[in-house]
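Okay, everyone, thanks for coming.

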Amino acid sequence: MNQHTTEIMLALGLEKHMVGTAYNSDGEFLPELKEKFSKIPVLAEKYPSLEVLMGVNPDFVYGRESAFKGKEQVASVDELAKYGINCYVAKGTYVTGAKMEDVYEDILNLGRIFNIEQRAKELVSSMQKDIEAIRYKIGSVEKPIRVLVYDSGEDTVFTAGQSLQTSLITLAGGKNVFDDIAKNWAKVSWEEVVKRDPEVIVINDYGKTKAEDKIKFLSNNPALSNVTAVKNKRFVVLPLSSVFEGVRNVGALETLAKGFYPEKFK
């Protein structure tokens with residue numbers, strides 16, 4: 001369930017274990033994983049019904065917390081257990097203040113579950129090395145750049161609080177201006193955005209409203225005319241799939257770092 005968890009499975013070479021996938025609407029799959037993905041049945045555009053899920057007779061389900069809890073859920077973890085189906089919930093989707101260590105933990109746990117521990121360790125090691133290389137280029141940051149995450153919203157702003165995206169911003173030498181919010185995601189007022197005056201705005205790109213439309217909306221909002229990021233036209237666009245827990249997080253970090261400190265990546 002969910003594109004970012006599907007991509008972790010495929011990156012671990014577990015496609016032969018997969019009887020189906022669902023909710024892959026975040027965007028295109030990574031080029032190196034497209035062929036593997038094309039051979040797996042897609043059960044539903046979003047989450048499948050319990051009946052559809054049972055139709056492929058799984059004994060294991062892996063996905064975001066929303067796959068097992070909330071309005072869109074397939075079924076709860078307890079309910080699936082009654083059918084003999086074990087579940088694994090991506091850790092970063094149910095804890096507050098998720099970090100890359102939580103992503104690594106998921107990958108290593110999958111390695112144990114599928115008896116491919118060495119493969120999982122190699123994937124984690126590769127991601128860690130890539131992140132270290134990006135961090136090396138960033139170097140020492142005396143005063144982290146102030147960052148606003150704009151996910152969506154017109155009357156208010158739906159933004160990141162303590163989600164993994166905030167951790168990625170920190171690794172990239174930034175500071176989420178709303179990192180004091182005790183939830184992963186929250187709505188905030190435009191007045192508060194102005195007050196905190198971000199120097200860069202990160203645009204989460206997904207769905208029907210394109211990134212360029214979001215930038216246009218923010219740029220033409222009179223209330224934001226004196227916000228530093230808007231005045232200097234400093235926007236960084238991130239596909240939403242890259243800020244969810246998975247193998248795309250390295251690419252997300254690189255995009256953020258280049259957007260925050262372009263002079264260090266010439």
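**Helices and loops**

Let's start with α5, which has 14 residues and reaches 20 Å from its first C-alpha to its last, close to the 20 Å expected at 1.5 Å a residue. That expected span is 1.5 Å times one less than the number of residues. When I say helix, I mean a DSSP run of H or I with at least four residues, a strand is a run of E with at least two, and both are numbered from the N terminus.

Before I go on, the ground rules. This is a predicted model, where local features need pLDDT of at least 70, side-chain atom pairs count only at pLDDT 80 or more, and totals for chains, interfaces and linings use all residues. Residues are numbered from 1 along each chain as its sequence is written, and side-chain values use heavy atoms, with hydrogens and water left out.

Back to α5. Its buried residues include Met100, Val103, Tyr104 and Ile107, where buried means under 20% relative accessible area, exposed means over 50%, and partly exposed is in between (1.4 Å probe, protein chains only). What do the buried residues of α5 pack against? The answer is α1, β3 (60-63), β4 (86-89), α6, α7 (164-171) and α11. Contact here means heavy atoms within 4.5 Å.

Now the α5 and α6 pair. Two packed helices are described by the angle between their axes and the distance between the axes. For α5 (residues 100-113) and α6 (residues 117-138), the axes come within 7 Å and cross at roughly 160°. That makes α5 roughly antiparallel to α6. The axes are lines fitted to C-alpha atoms, for helices over the stretch in contact, with angles from 0 to 180 degrees between N-to-C directions. As for the labels, under 35 degrees is roughly parallel, over 145 roughly antiparallel, 65 to 115 roughly perpendicular, and the rest oblique. On the α5 side, the contact residues include Met100, Tyr104 and Leu108, and on the α6 side they include Ala120, Val124 and Ile131.

Between those two helices there's a loop, and Asn115 lies in it. Asn115 has a phi near 60°, positive in a residue other than glycine. Most residues other than glycine have a negative phi. Is Asn115 buried or exposed? Exposed, with a relative accessible area of 66%.

Compare Tyr23, in the loop between β1 (21-22) and α2 (34-38). Tyr23 also has a positive phi, near 55°, but it counts as buried, at 15% relative accessibility.

Further along α6 sits Ile134, and Ile134 counts as buried at 7% relative accessibility. Which residues does it touch, leaving out those up to four places away in sequence? Val250, Leu253, Glu254, Ala257 and Phe265.

Three of those names come back in α11, whose buried residues are Asn249, Val250, Ala252, Leu253, Leu256, Ala257 and Phe260. They cover an arc of only 160° around the axis, which puts them on the same side of α11; the arc is that of the directions from the helix axis to the C-beta atoms.

Last stop, α1 (residues 3-11), which is mostly covered, with 8 of its 9 residues buried. Those buried residues pack against β1, α2, β3 and α5. After α1 comes Gly13, with a positive phi near 70°. That's my tour, thanks.
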